[in-house]
Amino acid sequence: MSSNRTHEFMALAQSLPAGSPPPTSANGKKGDSDAYQELRNFHTTAAGISRDIAGTSALLSELSNLVRQGFAQPQDQARMNQLVMHIKSQIEGLNGRLDQASNTMQKQRRKVGQQAGEEAANMMDGLKSTFAEAASDFKKVLQERTDNMKEETDFQKQVYDYNNADDDDPIPNMSSLYAPPVFGGANSNGFPALDLTSSLMSPGDNTSSLPRPHGISSSYSGSDIRQRRPLEYNNSYGSQNSLGGSLYSTAQPPLTPLDIQRMEEERGLQQQLIPDQDYLQQRADAMSQVESNIVELGTIFNKLAVMVQEHREMVQRVDDNVQDANTNINMSMEVLTDTLMSLRTNRMLAFRVFSVLVLFIIAFIIFFA
Amino acid sequence: MKIVGLAIVRTGSDLNEPVPLTVATELSSFGFFQRQSVKEMLMFLTKTFMKRTEPGQRQSVEHEGYVVHCYVRSDGLGGTVTTDGEYPARVAFVMLGQLLDEFAQKQGDSWKTVTTPESVSFPPADEYLQKYQNPAEADKITKIQKDLDETTQILHKTIDSVLERGVKLDNLVEKSNDLSAQSKLFYKSAKKTNSCCVVS
């Protein structure tokens, strides 16, 4: 009756996708423990999600440290970009998984009883709040980073305008020395690239980044900012130079104007497209929701198929059992008919024996008489 | 979830105010005497927002509980849909897109020179307004979503019944096990009765 069905189970386990709950065992637990099984799966998924959230937060803290350093080195820049992409993708993945998990939890809740359902709901809420915190922190860090970059570009612009205005200051000589490496050798004199940058700055930056023709600079505001920036630079790089000198320390980030230009373009485009982005975003969301629904349907169908497959085994067993019963009963019917026949014919035998005895007696009497 | 008004508007740099070409409204939810003022406000909102919308841009602006979705095509033809807060913006923009395409197709280029407001008659505008009152029917994505939800529900019920079936099959297995055991015992006792003792 109970054969070794390990190989069937292994085959089934391999054919199942990794994330789906395991099918009911061959001994057939009731529907309740199915729900408990799924609850266990839910717990494991939730644990996975919380681990990932922790990982994302760690990456986020690294990113925020890098951002807070201020003007960063190129490898830091690259690392920051990498981190940003990574964190973004993780956050999106986590979002999807959280939604999925909360849907599963809603479904399972009614089956597993009051307390387990509440516990699951609380866990979901906790996860969601941590996730929301992480997402908002990410946003803050990104904001800080864009602010930093803006400061940098303002600063550079100021530097080169200042450079433009004062000709007899010894510092511009240093600047002309330093300018080529900063621009990455793309231009022989730095000004054309600078012009591009300034013209691309969004109209919202009207502090110091209004596009200015060459040779004209509001030296007053320039000097203000000049006096401010070196202090900042002094703080972050500890170089003690005169008024503009610290600007040209080698800690000047080689953020080429090409980069700045690209960033400004992106920002500008984003601001232009933001009105449309809502609509497009909505469409994208709707499509992705439809897609996830369809995928869910697919998994449900798969589960259904698996369940029905199991049932096939059970039905076969039922069939075998009933077949055995049938055979047994047939055989016992034979035996009983034999018994019956033998019961009937026993009297015949006795009768025969008796008649033989009577014949013997008659023969004996005849023999003696 | 309802649409209150719909307007096709022509914008352009030669006009200081956008010119509404066709207007359709569904004001049955307002009292009879309010309708006129509501309609005027709709037109005013339409013109204001169309003036501020760049070509190739979509915007949704909320005003006193109603949302105005505006869309201007790159050639200067634009439309606005005024809906209540619940109506999904995406459906409104899809409707605008379709409406404007049909309008441009039917009217050809004639709308580009119109300057009198509400002078173009375009009956499909009313049809669109009525059809899109229920976004679930008119917008394909919403319909698909609804169908999918239904299907998912049905499948959940199916899975429940399959689980029940499993339980019942399990019962059957047990019972048939018992049956076969009992029949075996029966056979054995029958054989015993037959073979050893002789019934006298």
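One term before we start: a residue is called buried when its relative accessible area is under 20%, exposed when it is over 50%, and partly exposed in between. Also keep in mind that this is a predicted model.

**Stop 1: a salt bridge in chain A.** Select E62(A) and R79(A). Their side chains meet in a salt bridge, 3.0 Å from N to O. E62(A) sits in helix α2 (residues 31-68) of chain A and R79(A) in helix α3 (residues 74-112) of chain A, so the pair ties together parts 17 residues apart in sequence. E62(A) has 31% relative accessibility, so it counts as partly exposed. R79(A), at 30%, is partly exposed as well.

**Stop 2: over to chain B.** Now pick D139(B) and R90(B), which form a salt bridge with their closest N and O atoms 3.1 Å apart. D139(B) is in the loop between α4 (135-138) and α5 of chain B, while R90(B) is in helix α2 of chain B, 49 residues away. Are these two buried or exposed? D139(B) is buried, at 4% relative accessible area, and R90(B) is buried too, at 11%.

Stay on helix α2 of chain B and select K106(B) and E102(B), which lie four residues apart, about one turn of the helix. Their side chains make a salt bridge of 3.9 Å, N to O. K106(B) is exposed at 54% relative accessibility, whereas E102(B) is partly exposed at 22%.

**Stop 3: a helix with a buried face.** Show helix α3 of chain B, residues 124-131, and color P124(B), A125(B), Y128(B) and L129(B), which are buried. Look down the axis: the buried residues fall within an arc of 145 degrees, so they line one face of the helix. They pack against β1 (3-10), β2 (19-25) and α2 (89-107) of chain B.

**Stop 4: where the chains meet.** Show both chains. The contact takes 43 residues from chain B and 49 from chain A. About 4000 Å² is buried between them, and carbon and sulfur atoms give 69% of that. Select R58(B), L155(B) and Y187(B): in chain B they lose the most area to chain A, together 14% of what that side buries.

How many salt bridges are there between chain B and chain A? The count is zero, but seven residue pairs are in polar contact across the interface. Finish on β3 (57-63), α2 and α5 (140-195) of chain B, the elements that give two or more residues to this side. Among them, α5(B) gives the most, with 33 residues.

Technical notes:
Residues are numbered from 1 along each chain as its sequence is written. Chains are lettered from A and ligands numbered from 1 in the order in which they are written. This is a predicted model: local features need pLDDT of at least 70, side-chain atom pairs count only at pLDDT 80 or more; totals for chains, interfaces and linings use all residues. Side-chain values use heavy atoms; hydrogens and water are left out. Buried means under 20% relative accessible area, exposed over 50%, partly exposed in between (1.4 Å probe, protein chains only). The arc is that of the directions from the helix axis to the C-beta atoms. Contact means heavy atoms within 4.5 Å. Buried area is the accessible area (1.4 Å probe) that two parts lose on being put together, summed over both. A salt bridge is a side-chain nitrogen of Lys or Arg within 4 Å of a carboxyl oxygen of Asp or Glu. A polar contact is a pair of N or O atoms within 3.5 Å; within protein, one must be able to donate a hydrogen and the other to accept it, and residues adjacent in sequence count only if both atoms are side-chain atoms.
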